[in-house]
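Trainee: I've just opened this one and could use a guided tour. Can we take it piece by piece?

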Amino acid sequence: MAKSKKTSVGRRGFLKNAAAGAAAGAAALVTTTPLLEAQTRGAGRGATPAGSVPAPTEKQLDREAGNIRPPVAARTITRPGSDLMVQTVRDLGIEFAAANPGSSFEGLQESFINYGNPPNVMPEWITALHEESAVTMAHGYAKAEGKPMLALLHGTIGIQHAAMSIYQAYYDRVPVLMIAGNDPDFIPAHTAHDMASMVRSYTKWDAEPKTLDEALVAIQRAYNEAITPPMAPTLVVISSEIQKVDSPNTKIPAYQAPRFPTIDATSAKQIAKGLVEAQNPRIAVGRLRTPEGVQRAVELAELVGACTSTTATVGPMSFPQRHPLCGPGADKSYDYTLGLEAGGAQVSITGPGLATIAAPRDTTNIGFAGILTPGRAFQGPPEKSARPMEADAEASLPLIIEEVKRQLTADQKARIQERAARHATANHDAHVAGIEQAVQRAKAGWNGVPISTARIYAELWPLIMHEDWCLASPSNFSGGHNVQLWDHNKPYSYLGGQGAGGMGYGAPASVGAALSAKAHNRFVVNVQTDGDLNYAPGVLWTAAHHKLPMLTVMHNNRAWHQEYMFVEYMAGVRGRGADRAEIGSVLRDPFIDYAKMAATYGMAGEGPITDPSKLQAALKRGVASVKRGEPYMIDVITQPR
Ligand SMILES: Cc1ncc(C[n+]2csc(CCOP(=O)(O)OP(=O)(O)O)c2C)c(N)n1
């Protein structure tokens, strides 16, 4: 209370000052600020010719001095443009907006937190401590929820901080809606002509509207572009002037949902015929867009008695891993295969941990996998072995299902049932064998110190298996033990990799997934590598602040072990020995105390756990804490992999 009182006195003081025409005084106060120095230095450094830099405006000087407040007149605005922007975002069904505060957003931020009844709902303002975290939260959220949230970026510098995360989401084909604020009167370095150009080669669509009407249309269009396959991040740059404009008569344009490209009726007929008439059809299921898409894939597989492959253990929104039809089935000589977003090698892979099977003679793949998108010059050539159909698999599924239902005869139905039963038996055996193999593997080094990564996954599983859980962090660096020890039967069970292998992903993606989880009463697991967390650990505060259901278990091998291995190898190849490979690749001297780090950010936690026999009790405490609504971190000192 005392604090807010003090602030309001300060603000009153400022207003009084402003009324007395204190702008000149403010300018005088800032004669030593970097901005003014830079502007008056002229060619002092030899780089900028004297007089070529425009003199700072009074408003810019005020801003640098931290004195800027909206002019009194702004407070009388009845309907600021930014309220309409928030309403537009709300109408799109966007639930969260992650953002660092930034003065480019003084209009938009104020509307986000104050506009509406109740305010700060749909979307709720999620405080991020780094733009990279804001965008990666949105990345993780979209993978868990199947729809985008909003990330707000502060001018040129905010976009640059976000750049890697935008790139990863783009590479991962994940929709993220972004708005960057621009303020031509602000510090020149924070504004630019065509700001979006900094990230355009890995952003699907961007716009810099000049009016409020254009801005509202641009937000809707950016949303549509983001969610239309191939999905990707999109960016709207909106100046603070448009955010503040009074707009009592402006109307939000009617929203038109995009129509996703589907296969045509003839193709649907042909595919249905292929599936229905085949003796042994197969469906290769890649990553779909939403949980509804996964449901439809299950419906189709069951209708035609096809065994399926899945990418559920490498990424979200794919076929349930232990569904009776998931696996190679009873007979591996398939005579018709349908790929659903299963371009590339996935068409010919049968399932996790199972042998690769050559693509059958007759293969169709519906989807955008393997298709180049603008700016993606480094991607490999499109898949050749499958007949590609450039359409959205998920949106095409209802057409195929309808056709299959129309074509199926009673005889075929009986044959399909019998085939499905044989597949189910064979797949059950394969699933059990896979689990047994994984259990055997996990036993190796069970009591080892440092603690084995398999033990983390094995001991956590019984504690979460009856929860509605989501593993949001990539697991390849921690041994990938979830693949067979856990059961990936929900569209969001495992959210998979970073997208482009960029570190700094696990924690923010898990926070994004936990935003989705909170609404659905789910439980997010983040097995967190130490190097990755140290890029932007402030996201732990976001989890604590918003009370997100997230259990973080540190896979703390006290190294950037992946890089250590590379350097070790290189030194060996060059015959110089690996004795010094630790230089630059380990996090020792001093060790980082992650339980303290968590505590610093307000998150409960414990560790370092070094004794394997103490692990399970710690995990139990962690699970209990998360179920009470408090995120928790357990620092576990682990084997390298
Ligand atoms: C942004 C970024 N910088 C550098 C790298 C190179 N790199 C790949 S793996 C890795 C080490 C990761 O360390 P950690 O997260 O602790 O996982 P570990 O390998 O120890 O299991 C680094 C730095 C990267 N992938 N991304």
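This is a predicted model: local features need pLDDT of at least 70, side-chain atom pairs count only at pLDDT 80 or more; totals for chains, interfaces and linings use all residues.

Trainee: Which side chain makes a polar contact with the side chain of Asp 206?

Mentor: Contact means heavy atoms within 4.5 Å, and beyond its neighbours within four places in sequence, Asp 206 touches Ala 196, Arg 200 and Leu 235. At 2.8 Å, the side-chain partner of Asp 206 is Arg 200.

Trainee: What is the bridge partner of Asp 206 in S6?

Mentor: Strand S6 covers residues 233-239 and runs parallel to S5, with three bridges joining them. Two strands pair if DSSP finds at least two bridges between them. In S6, Asp 206 is bridged to Leu 235.

Trainee: Which are the edge strands of the six-stranded sheet?

Mentor: This open sheet pairs in parallel, in the order S2-S1-S3-S4-S6-S5. An edge strand pairs on one side only, and here that applies to strand S2 (124-127) and strand S5 (205-207).

Trainee: At what angle does helix H8 run to S3?

Mentor: Helix H8 (residues 155-171) lies across strand S3 (150-154), strand S4 (176-182) and S6. Angles run from 0 to 180 degrees between N-to-C directions, with axes as lines fitted to C-alpha atoms, for helices over the stretch in contact. For H8 and S3, that gives about 145°.

Trainee: Now the five-stranded sheet: how many bridges join S15 to strand S16?

Mentor: That open sheet is parallel too, ordered S12-S13-S14-S16-S15. Its edge strands are strand S12 (469-471) and strand S15 (604-609). S15 runs parallel to strand S16 (residues 632-637), Ala 604 being bridged to Tyr 632, and the bridges between S15 and S16 number four.

Trainee: Which strands does helix H22 lie across?

Mentor: Helix H22 spans residues 615-627 and runs at about 160° to S16. The strands it lies across are S13, S14, S15 and S16.

Trainee: And the ligand: which polar backbone atom is 2.7 Å from an oxygen atom of the ligand?

Mentor: The ligand is surrounded by 18 residues, Thr 529 and His 561 being among the closest; near means a heavy atom within 4 Å. A ligand oxygen is 2.8 Å from an N or O atom in the side chain of Asp 530, and one is 2.9 Å from a polar backbone atom of Asp 532. At 2.7 Å, the backbone atom belongs to Gly 531.

Trainee: How do the shell residues divide into nonpolar, polar and charged?

Mentor: Ala, Val, Leu, Ile, Met, Phe, Trp, Tyr, Cys and Pro count as nonpolar, Asp, Glu, Lys and Arg as charged, and the others, Gly among them, as polar. The shell around the ligand comes out as six nonpolar, eight polar and four charged.

Conventions
Residues are numbered from 1 along each chain as its sequence is written. Side-chain values use heavy atoms; hydrogens and water are left out. A polar contact is a pair of N or O atoms within 3.5 Å; within protein, one must be able to donate a hydrogen and the other to accept it, and residues adjacent in sequence count only if both atoms are side-chain atoms. Helices (H or I, at least four residues) and strands (E, at least two) are DSSP runs, numbered from the N terminus.
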